[in-house]
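Q: I have this one open for the first time. Please walk me through it.

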Amino acid sequence: GFLWMAQGTYFARLSSEYATSRSIPLHDASNELAGSFAAIYLGGEVCLRLFSTVMISSFNWSWADVFCGYTAIAVGSAILVGTNVIWYDATDVEVLENQKSSVLHKATATIQTLKNDWRMKYMIP
């Protein structure tokens, strides 16, 4: 819940910045970035599945070894992502929204979304 909400906010801001920098409609920028995200996400999933298959069948790794490999990949990815962060200042609109919302509202945003958006019931397992 929390991760997807933060990712949605990041994606919306990134789409807006991308649309502005390329002088294209926001809808086109969102579609382009969503396609890139899907390709990277699904491509990574396929590569990790191939990793386990190749390591077990070709190199006789145990499942414990495979999971250690997954851990190494995850830690390496987290370190590499951390080296590529650019911190942008908040826009004027974001500053105003931040000033208007309370700490309680921010802390309960996921629960409020689950309660107020009729589609959210389909996301609960």
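A: A definition to start: buried means under 20% relative accessible area, exposed means over 50%, and partly exposed is in between, with a 1.4 Å probe and protein chains only. This is a predicted model, in which local features need pLDDT of at least 70 and side-chain atom pairs count only at pLDDT 80 or more, while totals for chains, interfaces and linings use all residues. Residues are numbered from 1 along each chain as its sequence is written, and side-chain values use heavy atoms, with hydrogens and water left out.

Q: OK, so is Asp 117 buried or exposed?

A: Asp 117 counts as buried, at 18% relative accessibility.

Q: What does Asp 117 form a salt bridge with?

A: Arg 119, with the closest N and O atoms 3.0 Å apart. A salt bridge here is a side-chain nitrogen of Lys or Arg within 4 Å of a carboxyl oxygen of Asp or Glu. Arg 119 is partly exposed, with a relative accessible area of 47%.

Q: How many salt bridges does the count come to?

A: By that rule, 4 salt bridges. One of them joins the side chains of Glu 94 and Arg 13, at 3.1 Å from N to O.

Q: Which helices do Glu 94 and Arg 13 lie in?

A: Glu 94 lies in helix H4 and Arg 13 in helix H1, so the pair ties together parts that are 81 residues apart in sequence. Helices are DSSP runs (H or I, at least four residues), numbered from the N terminus. Glu 94 is partly exposed at 27% relative accessibility, and Arg 13 is partly exposed at 24%.

Q: And where do Arg 49 and Glu 45 lie?

A: Both are in helix H2, 4 residues apart, which is about one turn of the helix. Arg 49 is exposed, with a relative accessible area of 56%, whereas Glu 45 is partly exposed at 32%.

Q: Change of topic. What volume does the largest pocket have?

A: The largest pocket has a volume of about 1900 Å³. Of the 43 residues that line it, Ala 6, Gln 7, Thr 9, Tyr 10 and Phe 11 are the closest to its centre. On a 1 Å grid over the protein atoms alone, a pocket is an open set of points where a 1.4 Å probe fits, with protein on both sides within 12 Å along at least five of seven lines, and lining residues have an atom within 4 Å of a point. Points are joined across faces, edges and corners, and the volume is the space filled by probe spheres set on them.

Q: Which helix gives the most to the lining of the largest pocket?

A: H1, with 16 residues. Helices that each supply at least two residues of the lining are H1 (2–22), H2, H3 (63–82), H4 (92–100), H5 (103–107) and H6 (109–116).

Q: What does the lining of the largest pocket have by class?

A: It has 26 nonpolar, 11 polar and 6 charged residues. Ala, Val, Leu, Ile, Met, Phe, Trp, Tyr, Cys and Pro count as nonpolar, Asp, Glu, Lys and Arg as charged, and the others, Gly among them, as polar.

Q: Now the outside. Which residues form a nonpolar patch on the surface?

A: Trp 4, Phe 37, Tyr 41 and Leu 42, with about 460 Å² of accessible area together. Patch residues have over 30% relative accessible area and no salt bridge, and nonpolar side chains (Val, Leu, Ile, Met, Phe, Trp, Tyr) are joined within 5 Å. The areas come from the Shrake-Rupley method with a 1.4 Å probe, and for residues only the protein chains shown count as cover.

Q: Which helix gives the most to the nonpolar patch?

A: Helix H2 (residues 26–59), with 3 residues. Tyr 41 is found in that helix and is partly exposed, with a relative accessible area of 48%.

Q: Last one, the loops. What is the phi of Ser 23?

A: Ser 23 has a positive phi of about 55° although it is not a glycine. Most residues other than glycine have a negative phi. Ser 23 is in the loop between H1 and H2, and it counts as exposed at 68% relative accessibility.

Q: And where is Asn 60 found?

A: Asn 60 is in the loop between H2 and H3. Its phi is near 55°, again a positive value in a residue other than glycine. Asn 60 counts as exposed, at 65% relative accessibility.

Definitions and conventions: Patches are made of residues with over 30% relative accessible area and no salt bridge: like charges are joined within 9 Å, nonpolar side chains (Val, Leu, Ile, Met, Phe, Trp, Tyr) within 5 Å.
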